[in-house]
Amino acid sequence: MKPSHILLPVTLSLLVAACGASETKSKTEEIRADESNIRAHLEFLADDDLKGRETGSNEHEIASNYIVSEFKQLGLEPAGDDGTFYQRIPFRKSTLKENSARMTFESNGEVVEFEFPKQFITGPSHYEEKDEITAPLVFVGYGMEAPEFELDDYNGLDVEGKIVVMLTGRPGFLPSEEGAHLANIKNDIAREKGAVGIITLHTPVREKTRKYETSVYYTKTPRMTWLGPNGLPKGEEQQLKGSAYIDDEPAEKLFANAPTKLSDIFEKIEEDPDFSPKGFELEGEVTLARESRHEEISSPNVAAVLPGSDETLKDEYVVYTAHSDHIGVVKDMSREDNINNGAMDNASGVSIMLETARLFVESEQEFDRSIMFLSVTAEEKGLLGADYFANNPTVPLENIVANVNLDMPVLLYDFADVIAFGASHSTLGDTVSKAAQQFDTKQSPDPMPEQAIFTRSDHYTLVKKGIPAVFLMTGFTSRTEGEDGGEVWGEFFAEHYHKPSDGLNLDINYEAGARFTNINFAIGKEIANADKRPQWLEDSFFGKQFNN
C-alpha cells in the first residue's frame, strides 16, 4: 500500500514534539550524586587493608593510586609534576635523640640548668643533627604584630641575634579566627625580626585548658616538614636555631632581675584576659642544645584538571581539596582493633571529591573556568601536603580563584544545614548559601568560633597566599525528628575522632553524603561560571591582609 501523504505531516509533527519534550527534559534534569559511588570509594579507602593511610606508607600509596585510577577513568587531565597526576613531595621526619636536650640560664655568674622534660621541653631540629645556640634574652609579650588590633609587641625592642621569650596563646580581645592566624605566624615574625631562638612560656591560664604534662607526652613523637626543591626544610635557610617550651614556675627564674616579675604578668593576664604585656630586655643569656635524627620519606599529592571552555577564563582554576592521609596504626598491639581507618577523617571527604569530579565530567555542561581536584597528603602532620602545593603550585598561584576544602564531613545523620568556615570573609559565603538552598539546606554560622577551625585545615595554606576559601562541614540540624545533629557530631568527636572506631562499622548515611556532594558541585559550578572571581570582603581581616 502506498503511504498516505495526508498522514505524514501529522506523524512528523508528533515526532518533533516527542523529540522536543525529550530534549527539554535532558536540559532541565540536573545530574545528581550517586550514593553507591560514595559508598564504594569510602569502603575502599577506609578498609583495614589500607591500615589508616599513614603519610609515607605503602598503604597511602595504594590510596593515591586508587584516586589516580578514578581520575583517569573520568578522563581528567593530569595536573601534577612532569605531566603526571602525582606531585611527589620529599619529607624529612625528625626525632629528638633521648637525653640530648639541654637548657641552661646564666646571669651574674650564676648558672641554672633546667630539667628536661620536667621543667622544659623542645622538639627536634629539621636542619641539624646537632645544634647549640647561646644568646641574650628579650621578653616580647605574646610576640604578635597586628596594626589592625593595635598590637606591636616588638615596638622599641632589638631582637637581632637574640632569643625571644613570649607567652603562649594570645590576648583575649582578639577574634577567634584572626587570633589563631596571628598565633600561627609568631615564629615567622620572630624570624623576620632577626631572632635566633624562641622560648615560649607556659602560663597558669593555659594550664587550665591544656596541662603542661600533655605537651610532655609528645616529645617522643617524630615531627615532619617538607623539603623544597633546594633540599632545605620548607625551602628556607635556618635562622631560628633553638626553641624551648618552659613550665610556668621554672620560667620565673628567667625574670629574676626583670623590670616586672613574671608572677605579676601571670596574675595580670588571669585578672584581665585582654591584657597584653609590654616587652623588655632580660638579664643573662640562655644556651639551648639538642641532637636530632633525620629520616627522608616521600608521599604524593594527586592532582587532576577538567579544562575550562572559555578562551580567557580557562586559565583560571577552582580548586577542590581533600586530604587522603590519616594517622595509621595504633602502636599498642594489645588492642583488638589497632587500625585508625579514618572513615570520616577523611575517606568521606575524598569520596565526595571523587563523586563531585564525576558530576563535573558527566554533566555534559561547559564550565568557563578549569576545575582542579587536589588530593593532598600529610594533613595530619601539619597541613604539609597542602602547604607544599601552596608554595610549589603546579598551576600559577595567581590563577587559582578559590578553594573548596572537603575535610571530615561527618556523614552520620540527615543534616539539614551546612557550615562553611570562612564564609564570613569572602563572597564565597553567598555562593555556598545559594548552592545549599537548591537542596533544601540552609547555611548556618560557625557554631564553634572559639575553635578557630578556619585556620586548622588544608585550605588555610592557600588562604595565606591570598586565595579565598571555604571549608564545608555538615551542620548541627537534622532532618530526622527528635535527632540532634550537633549531638551526633559531638559524640563522633568524643568517641571516634582519631580512634580505630572511626571505621566502616559506623552507621554512615550515604544519602546525606550524596546531598553533601550535590551542594559541593553546585558551589563549584557557580564559581566556575561567574563573571568575576570570588573576592575577599573589604571589612574582613583576611580581606585587609590580602587586598584585592
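Biologist: Why does E207 count as partly exposed?

Modeller: This is a predicted model, so every value comes from its coordinates. The relative accessibility of E207 is 24%. Buried means under 20%, and exposed means over 50%. E207 therefore counts as partly exposed.

Biologist: What makes K211 and E207 a salt bridge?

Modeller: Their side chains come to 4.0 Å, N to O. The cut-off is a Lys or Arg side-chain nitrogen within 4 Å of a carboxyl oxygen of Asp or Glu, so the pair qualifies. K211 has 48% relative accessibility, so K211 too counts as partly exposed. The whole structure holds 22 salt bridges.

Biologist: Which residue forms a salt bridge with R92?

Modeller: The partner is E296, with the closest N and O atoms 2.8 Å apart. This pair links distant parts of the chain. R92 is in strand β2, E296 is in strand β13, and 204 residues separate them.

Biologist: Where do R358 and E362 lie?

Modeller: Both are in helix α10, four residues apart, about one turn of the helix. R358 has 14% relative accessibility, so R358 counts as buried. E362 has 41%, so E362 is partly exposed.

Biologist: How many aromatic pairs does a search of the whole structure find?

Modeller: The search finds 25. Take F116 and F120, with ring centres 5.4 Å apart and planes at 65 degrees.

Biologist: Why is the pair of F116 and F120 called edge-to-face?

Modeller: Centres must lie within 6.5 Å, and planes over 60 degrees apart count as edge-to-face. At 5.4 Å and 65 degrees, the pair is therefore edge-to-face. F120 has 1% relative accessibility, so F120 counts as buried. F116 has 25%, so F116 counts as partly exposed.

Biologist: What makes the pair of F421 and F471 tilted?

Modeller: The centres are 5.4 Å apart, with 50 degrees between the planes. Under 30 degrees would be stacked and over 60 edge-to-face, so this pair is tilted. The pair links distant parts of the chain: F421 is in strand β17 and F471 in strand β19, 50 residues apart. Both F421 and F471 are buried.

Biologist: How do you know that R515 lies over the face of F415?

Modeller: R515 is 5.2 Å from the ring centre. The distance limit is 6 Å, and the angle to the ring normal must be within 35 degrees. R515 also belongs to a network of salt bridges with D414, D440 and R479.

Biologist: How do you know that the span of helix α15 agrees with its 20 residues?

Modeller: At 1.5 Å a residue, α15 should span 28 Å. Its end C-alpha atoms are 29 Å apart, which agrees. Of its 20 residues, 17 are buried.

Biologist: What caps the N-terminal end of α15?

Modeller: N509 does, with a side-chain oxygen 3.2 Å from the backbone nitrogen of E511.

Biologist: Why does I297 count as buried?

Modeller: I297 has 16% relative accessibility, and the limit is under 20%, so I297 counts as buried. I297 is found in strand β13. Beyond its neighbours within four places in sequence, its contacts include I89, F91 and M224.

Definitions and conventions. Residues numbered from 1 in each chain as written. Predicted model: local features only at pLDDT ≥ 70, side-chain atom pairs only at ≥ 80, totals over all residues. Heavy atoms only, no water. Phe/Tyr/Trp six-rings, centres within 6.5 Å; stacked < 30°, edge-to-face > 60°. Buried < 20%, exposed > 50% of the residue type's maximum accessible area, 1.4 Å probe, protein only. Helix = DSSP H or I, 4+ residues; strand = E, 2+ residues; numbered from the N terminus. Expected span 1.5 Å × (residues − 1). Polar contact = N/O pair within 3.5 Å; in protein donor to acceptor, adjacent residues only side chain to side chain. Contact = heavy atoms within 4.5 Å.
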